[in-house]
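Biologist: I am new to this structure. Please show it to me, and then I will ask about the words used to describe it.

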Amino acid sequence: MANKNNKGLGRGIEAIFKDFESPDESVAAVTELPLEDIRPNPYQPRKTFAEGALNDLAESIRQTGVFQPIIVRQSVGGYEIITGERRFRASKLAGKTTIPAIIRTFDDPAMMEIAVLENLQREDLTPLEEAQAYDTLIRRLDLTQVEVSKRLGKSRPYIANYLRLLTLPEPVKKLLNEEKLSMGQARTLLSLKDKKRLVPLAKKVVADNLTVRQLEHLITQMNAGDPKPKPKAAQKSPYLRASENQLGDRFGTKVSIAQTTKGHGKIEIDFQDPQDLNRLLALLDVNLD
């Protein structure tokens, strides 16, 4: 189980390495390891590697070799990569048989943290890979969303918004991974009440190249059960719209503010399921125990 103190991802990979170094490891020895004895990090959140960039790196390695050693840990029957999987894959493409490596001792929680942090710092994960990385930290290291947000230096609603992507149907996830859907479109699709219509609607978004604003309008109609356009409602004041946006960012969901009578009004906060409701209650510091 992970150590739930302030130590961790927010400080960077170098800081995590130092936490596990012994005094005589400040200058680590580099050794050539056979590629056939090395396996990828089992906690690597990135599942796809850009083929073009990988081929470019392979060509560079053919010409000049690998300048920066990968970091591995010893495991049963060989080694597991801690950082440097791109260099490992590119070296195989380049026809190399060995790669320079530094051998370190890390437990599974540290392996997981470093794998997630390295990829998040590179900022080339797909939205779903990033969401899966957060979910892995929560489940495997027994962390809360708040703890993950602190360790990564990201806001709690930011983490929650990515985790919600994991509830999308597989065909919609595929469109998102293929970059046919944007993160904004995927988040908007989650507000559709009739989940059976989600996949056809996602395909329509791609086919018709709908913007997020157009999608929001269409989903509003579908949720109301009336396919016909409705008369425009009275325009809200800039203050109310700004308040809705701020509350929406705070809670990671859609928030509506309506002024019913002079001096009175109501605030509506959307939630998807009981788990999402519990999340909102926690943010509001409401304890029903």
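The questions below set values against the definitions behind the terms.

Modeller: This is a predicted model, in which local features need pLDDT of at least 70, side-chain atom pairs count only at pLDDT 80 or more, and totals for chains, interfaces and linings use all residues. Residues are numbered from 1 along each chain as its sequence is written, and side-chain values use heavy atoms, with hydrogens and water left out.

Biologist: How many helices and strands does the protein have, and what makes a stretch count as one?

Modeller: The protein has 13 helices and seven strands. Both are DSSP runs numbered from the N terminus: helices are H or I with at least four residues, strands are E with at least two.

Biologist: What share of the protein counts as buried?

Modeller: Of its 289 residues, 42% are buried. Buried means under 20% relative accessible area, exposed over 50%, and partly exposed in between, with a 1.4 Å probe and protein chains only.

Biologist: What makes the pair α2 and α3 parallel or perpendicular?

Modeller: The axes of α2 (residues 51–64) and α3 (residues 85–93) come within 8 Å and cross at roughly 70°. That makes α2 roughly perpendicular to α3. Angles of 65 to 115 degrees count as roughly perpendicular, under 35 as roughly parallel, over 145 as roughly antiparallel, and the rest as oblique. Axes are lines fitted to C-alpha atoms, for helices over the stretch in contact, and angles run from 0 to 180 degrees between N-to-C directions.

Biologist: Which residues make the contact of α2 with α3?

Modeller: On α2 they are Ala53, Leu54, Asn55, Leu57, Ala58, Ile61 and Arg62, and on α3 they are Arg86, Arg87, Arg89, Ala90, Ser91 and Leu93. Contact means heavy atoms within 4.5 Å. By class, seven of these residues are nonpolar, two polar and four charged. Ala, Val, Leu, Ile, Met, Phe, Trp, Tyr, Cys and Pro count as nonpolar, Asp, Glu, Lys and Arg as charged, and the others, Gly among them, as polar. Within α3, the buried residues include Arg87, Ala90 and Ser91.

Biologist: How do you know whether α10 and α11 are parallel or antiparallel?

Modeller: Their axes come within 12 Å and cross at roughly 150°. The two helices are therefore roughly antiparallel to each other, the limit being over 145 degrees. Their contact is made by Leu201, Lys204 and Val205 of α10 and by Leu215, Leu218, Ile219 and Met222 of α11. Six of these are nonpolar, none polar and one charged.

Biologist: Where is Asn209, and what is its phi?

Modeller: Asn209 is in the loop between α10 (198–208) and α11 (212–224). Its phi is positive, about 55°, although Asn209 is not a glycine. Most residues other than glycine have a negative phi. With a relative accessible area of 64%, Asn209 is exposed, since that term starts over 50%.
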